[in-house]
Amino acid sequence: MRTVLGLIGSPRRLGNSEVLVKEIAARIEPAVDLQLVRLTDLDLKPCRGCYQCLEKGGECVIKDDVGQVFDALCRADGVILAAPTYFLGAYGVVKTLVDRSNMLLPRAEETDGKPALVLTLAGVTGRDGRAPADLCGAALTLGLTIKAQRTVFAALPGEVFLAGQNLDAAQEMARALFEPTAEPAAALGTCPVCGANAFAFIEAGVKCLVCQGRGQLEMTADGPRLSIEADAEGFLSGKEWRLRHADWLLGMKARFMEHKKELKEIVLEYRHQGQWLGKQDQ
Ligand SMILES: Cc1cc2nc3c(=O)[nH]c(=O)nc-3n(C[C@H](O)[C@H](O)[C@H](O)COP(=O)(O)O)c2cc1C
């Protein structure tokens with residue numbers, strides 16, 4: 001039996017993210033074993049930016065629960081990531097997790113290409129802001145392949161299925177997770193490379209703010225259609241990119257050692273400027 005990991009990025013028990021993930025998982029055929037992680041229940045500390053995980057084969061110096069989540073991710077056959085929009089962005093615990101994911105770079109073989117569904121919950125129609133892009137970026141950063149992404153509008157806990165709404169969407173998502181397609185479903189207005197829906201306008205057309213692919217926007221009778229070329233460097237995607245990036249980051253250590261003295265001189269100039277609030281030890 002396949003294992004699906006539900007990553008719940010909401011503090012609300014039995015909130016919309018949770019029930020949507022459970023409903024989708026229950027509709028996957030053949031039946032799957034659903035394992036759940038509520039990120040807010042765990043002790044997840046912010047990344048310290050020390051890069052020691054890369055030198056230690058993925059082991060972090062911070063002693064908290066992040067390893068549990070990454071181990072579960074490596075074991076799973078598929079992932080459903082769901083989180084609410086808070087003030088136009090995805091709930092912060094998802095970013096806290098993703099910021100720790102340099103730990104996963106040495107484990108690219110175990111994570112790369114796992115199918116994922118990305119679900120953004122939002123309480124006000126049309127006010128999901130950049131949350132879908134945050135969550136698609138999170139999925140790609142974790143090495144996942146987005147098979148489908150969707151924003152579901154519902155405010156009250158459970159409202160997601162009030163009067164039976166969104167059950168069809170749940171069915172569609174359930175089908176998409178293990179569907180044998182190489183590309184994510186290119187819904188109108190979404191990036192055909194990664195499935196995200198956040199773009200910047202650049203001189204040559206548009207750039208996907210998640211996978212960094214570039215291309216053109218065409219307004220068709222059905223709606224906006226995007227043709228996007230994947231980023232040549234494969235930014236955030238693929239096992240090869242991940243392993244290369246880990247090497248590049250390790251190479252930065254040599255550069256740091258080379259310039260250590262000059263760098264120290266620069267920062268020490270700023271040491272006694274300003275007054276720190278709180279109990280920060282300077
Ligand atoms: C502090 C806070 C900020 C929110 N900000 C937004 C927002 O910017 N846009 C929006 O559409 N909904 C917003 N919401 C509503 C939630 O996204 C919505 O209720 C969602 O269904 C919650 O999902 P959950 O039940 O899984 O926690 C906010 C809710 C809270 C508590």
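A residue counts as near a molecule if its C-beta atom, placed from the backbone, lies within 6 Å of it. The model is predicted: local features need pLDDT of at least 70, side-chain atom pairs count only at pLDDT 80 or more, and totals for chains, interfaces and linings use all residues. Residues are numbered from 1 along each chain as its sequence is written.

Q: Which residues around the ligand come nearest?
A: The shell holds 20 residues, of which G15, S17, P84, A122 and G123 come nearest. Two or more residues each are given by α1 (16-27), β3 (78-86) and β5 (114-122); helices (H or I, at least four residues) and strands (E, at least two) are DSSP runs, numbered from the N terminus. The largest share, three residues, comes from β3.

Q: How do you know that the span of α1 agrees with its number of residues?
A: The expected span of a helix is 1.5 Å times one less than its number of residues. The 12 residues of α1 should therefore span 16 Å, and its end C-alpha atoms are 17 Å apart, which agrees.

Q: What makes a residue of α1 buried, and which residues are buried there?
A: A buried residue has 20 or more other C-beta atoms within 10 Å of its own, with C-beta atoms placed from the backbone. In α1, N16, S17, E18, L20, V21, I24 and A25 are buried. Their cover includes β1 (3-8), β2 (33-38), β3, β5, β6 (144-153) and α7 (167-177).

Q: Which residues does A139 touch?
A: With contact meaning C-beta atoms, placed from the backbone, within 7 Å, A139 touches L81, A116, V118, L144 and I146, not counting residues up to four places away in sequence.

Methods. Two residues are in contact if their C-beta atoms, placed from the backbone, lie within 7 Å. A residue is buried if 20 or more other C-beta atoms lie within 10 Å of its own, exposed if 12 or fewer, and partly exposed in between; C-beta atoms are placed from the backbone.
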